[in-house]
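Hi everyone, thanks for making time this morning. I'd like to walk you through one model, so please have the viewer open.

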Amino acid sequence: MHDILPADMPAWNQLEDAYRALAESYGYRQIRTPIVEKTALFARSIGEITDIVEKEMYSFEDRNGDSLSLRPENTASVVRAGLQAGLLQDQQHRLWYSGPMFRHERPQKGRYRQFHQLGAETFGIAGADIEAELILLAARLWKRLDLDAIELQINSLGSSRCRQKFRTVLVEYFRDHYQALDEDSQRRLESNPLRILDSKNVEMQNMIEAAPTLQDSLDQESRDHFSELTDILDQTSVPYQVNRRLVRGLDYYCHTVFEWVTDTLGAQGTVCGGGRYDSLVEQLGGKPNYAAGFSMGCERLIAMLHDQGKADSESGCDVYLLMRGENSVARAQQIAESIRDQMPRLELVVHAGAGSFKSQMRKADKSGAQIALILGESEIEAGTVAVKFLRKDEAQAEILQSDVVTQLASLLD
Ligand code: ATP
Ligand code: MG
């Protein structure tokens, strides 16, 4: 779990601000849910027989003996919140979220135990048009951030009926290759065979590669749904690859699944994953309702911003106000407050903690400010303030205190 230090924040804000603005421009409304939920919520939604629930959750008993977990993802929480607030019955919703998630994984580049996701969830919309919209939103985010080298992979898992049919075929195939399965996969053979396709075990890749694909089990309705999606992507010029092996790790998906991947981050190349999860609302106790969403990994996207030289960095404040002589401290604060009244967006740092003029000037320089304002006893007497340019070769000027705001506005322009 990592600290995010002040120098890291500009890139984080760049990503989060861009996402917030974009999601709201598409009509998505923000939702925040607690970081802790009942463990049962994740077991019921993500699935008992998944890496996340079996191995990766931070679970503990609270003082009442209830089993709680730090959320490993946010979809289940959003559905729980929506059900609890009565929002999910016969209504359409477009929601977005942002926040930390927790998984006890082996930490490595791009894989952390506390990481952050930006996500979207939609409810009540049956068609592939909403899946396309989610994809278009993500595509536009990459464009806004000027990120290259992110590719879209899509697949259809079909309706739950198709999945059922596929499951039978798959179990048969894996039974024939039982010796090639690792321990986890042998255990999942009956309970969750689709998960085996998602295994990252290199030794199993050839055998997985040769397994039957879902495509042959798709019925007409599922095929139509998928071609509606690809039609929209074609007409909006979003490039994509159909990856028949893409199944996604969580249990609750159906029809469309998609991932945005890059080959520039090493092994942890998925920056965003999502799809349709129509069964989840009912699975968590609600009336059946359509649902689709995605979630993206902030750390991986920020690593890409840095790698591609696109990350914002710290810029420093605009103005540093320093003072000469003890009697100017109160007057300096007074002037600063009146500037702040009139220029709410100005970044103005007032020197604090006394010190010689020379050391104050050093701090002004280090602050990154363009301009130092200097208030000494002689300036107080004359009702003026001295202006010193810290980043360009220009003579120091003396301006009236009553003119400071108008002068600053034009000097910083
Ligand atoms: P992966 O295949 O990389 O394990 P996942 O399928 O477990 O990903 P999801 O549950 O779909 O991931 O989460 C959505 C996104 O969150 C991922 O695409 C990734 O960008 C990010 N993510 C997931 N787990 C981590 C982690 N431990 N550290 C950093 N980012 C993560
Ligand atoms: Mg994972």
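**Around the ligand**

Let's start with the strands: β6 (114–123), β10 (270–276) and β11 (291–297) each give at least two residues to the shell around ligand 1. Before I go further, please keep in mind that this is a predicted model.

Which strand supplies the largest share of that shell? It's β10, with three residues.

Now the shell itself. There are 15 residues around ligand 1, and those that come nearest are Arg 103, Glu 105, Arg 111, Arg 248 and Thr 270.

If you zoom in on the oxygen atoms of the ligand, you can pick out some polar contacts. Arg 111 places a polar side-chain atom 2.9 Å from an oxygen of ligand 1. For Gln 117, a polar side-chain atom lies 3.0 Å from a ligand 1 oxygen, and Arg 300 likewise has a polar side-chain atom 3.0 Å from an oxygen atom of ligand 1. And how much of the ligand does the protein cover? On its own, ligand 1 has 580 Å² of accessible area, and the protein covers 91% of that.

Let's turn to a pair of helices. Helix α1, residues 9–25, packs against helix α12, residues 298–307, with the axes 10 Å apart and an angle of about 115 degrees between them. Angles of 65 to 115 degrees count as roughly perpendicular, so that is how α1 sits relative to α12. As for handedness, the crossing of α1 past α12 is right-handed.

That's my tour, and I'm happy to take questions.

Conventions: Residues are numbered from 1 along each chain as its sequence is written. Chains are lettered from A and ligands numbered from 1 in the order in which they are written. This is a predicted model: local features need pLDDT of at least 70, side-chain atom pairs count only at pLDDT 80 or more; totals for chains, interfaces and linings use all residues. Side-chain values use heavy atoms; hydrogens and water are left out. A residue is near a molecule or strand if one of its heavy atoms lies within 4 Å of it. A polar contact is a pair of N or O atoms within 3.5 Å; within protein, one must be able to donate a hydrogen and the other to accept it, and residues adjacent in sequence count only if both atoms are side-chain atoms. Accessible areas come from the Shrake-Rupley method with a 1.4 Å probe; for residues, only the protein chains shown count as cover. Helices (H or I, at least four residues) and strands (E, at least two) are DSSP runs, numbered from the N terminus. Axes are lines fitted to C-alpha atoms, for helices over the stretch in contact, and angles run from 0 to 180 degrees between N-to-C directions. Angles under 35 degrees count as roughly parallel, over 145 as roughly antiparallel, 65 to 115 as roughly perpendicular and the rest as oblique. A crossing is left-handed if the near helix is turned anticlockwise from the far one by less than a right angle, and right-handed if clockwise.
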